[in-house]
Amino acid sequence: MSSPGTNSFGGFTRLCEGLAVVPVAGHIVVQLLPSAVTYLVLIPARTIPFAWNLITAGYIEQSIYGVVISILGLHFMGNLLEPIWGSKEFLKFIFIVNFLTSVCVFITTIALYYITTQEHYL
């Protein structure tokens, strides 16, 4: 019998099951309502009026391959980290990493735009 977190191919934890629904739901929303992309993903030129993009961008996948990779990554990392950290800390970790990644991408693209004045960065 193995301890929690040692079997990478075991079932999802409860938190991971709930979190796995998020990219699937986001993908479905983006496929059914393509205009939702403007309000949910990180588009640097539109992030100032839609600041919540910094939070939602990490949870939206536009391709089915991205959804599958996100769920697999969540599954493996969840099985590894959640038993060690606990559900609350693991959830905080996911939220903080996604938010800070979006902030860094936003700052980088805005800086690149100001340095190069090429609008494709926006």
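Let's begin with one stretch of the chain: the end C-alpha atoms of residues 20-42 lie 20 Å apart, and the span is 74% helix and 0% strand. Keep in mind that you are looking at a predicted model. For residues 93-115, the end C-alpha atoms are 32 Å apart, with 100% helix and 0% strand in the span. What puts these two spans on the list? An unreviewed UniProt entry lists residues 20-42 and 93-115 under "transmembrane region".

Here are the two spans side by side.

| Span | Distance between end C-alpha atoms | Helix | Strand |
|---|---|---|---|
| Residues 20-42 | 20 Å | 74% helix | 0% strand |
| Residues 93-115 | 32 Å | 100% helix | 0% strand |

Now step back to the chain. It has 5 helices and 0 strands, and reading along the sequence gives the pattern α-α-α-α-α. Along its principal axes, the C-alpha trace spans about 60 × 30 × 20 Å. Of the 122 residues in the chain, 32% are buried.

The largest pocket has a volume of about 370 Å³. It is lined by 15 residues, and those closest to its centre are Gly58, Ser70, Leu74, Ile94 and Asn98. Helix H1 (14-32), helix H4 (64-85) and helix H5 (87-116) each give two or more residues to the lining. Sorted by class, that lining has 10 nonpolar, 4 polar and 1 charged residues.

How about the rings? The structure holds 5 aromatic pairs. One of them joins Phe50 and Trp52, with 5.2 Å from centre to centre and 50 degrees between the planes, and it is a tilted pair. Are the two partners buried or exposed? Phe50 has a relative accessible area of 19%, so it counts as buried, the cut-off being under 20%. Trp52, at 41%, is partly exposed. Ring pairs also bring in Tyr39, linking it with Phe50 and Trp52 into a cluster.

Finally, the cysteines. How many disulfides does the structure hold? The count is 0. Cys16 is buried, at 0% relative accessibility, whereas Cys104 is partly exposed, with a relative accessible area of 48%.

Notes: Residues numbered from 1 in each chain as written. Predicted model: local features only at pLDDT ≥ 70, side-chain atom pairs only at ≥ 80, totals over all residues. Heavy atoms only, no water. UniProt positions renumbered as here; feature names shortened; annotations may be inferred. Helix = DSSP H or I, 4+ residues; strand = E, 2+ residues; numbered from the N terminus. 1 Å grid on protein atoms, 1.4 Å probe; cavity = no way out; pocket = protein on both sides within 12 Å on 5 of 7 lines; lining within 4 Å. Points joined across faces, edges and corners; volume = space filled by probe spheres on them. Nonpolar A, V, L, I, M, F, W, Y, C, P; charged D, E, K, R; others polar. Phe/Tyr/Trp six-rings, centres within 6.5 Å; stacked < 30°, edge-to-face > 60°. Buried < 20%, exposed > 50% of the residue type's maximum accessible area, 1.4 Å probe, protein only. Disulfide = S-S within 2.5 Å.
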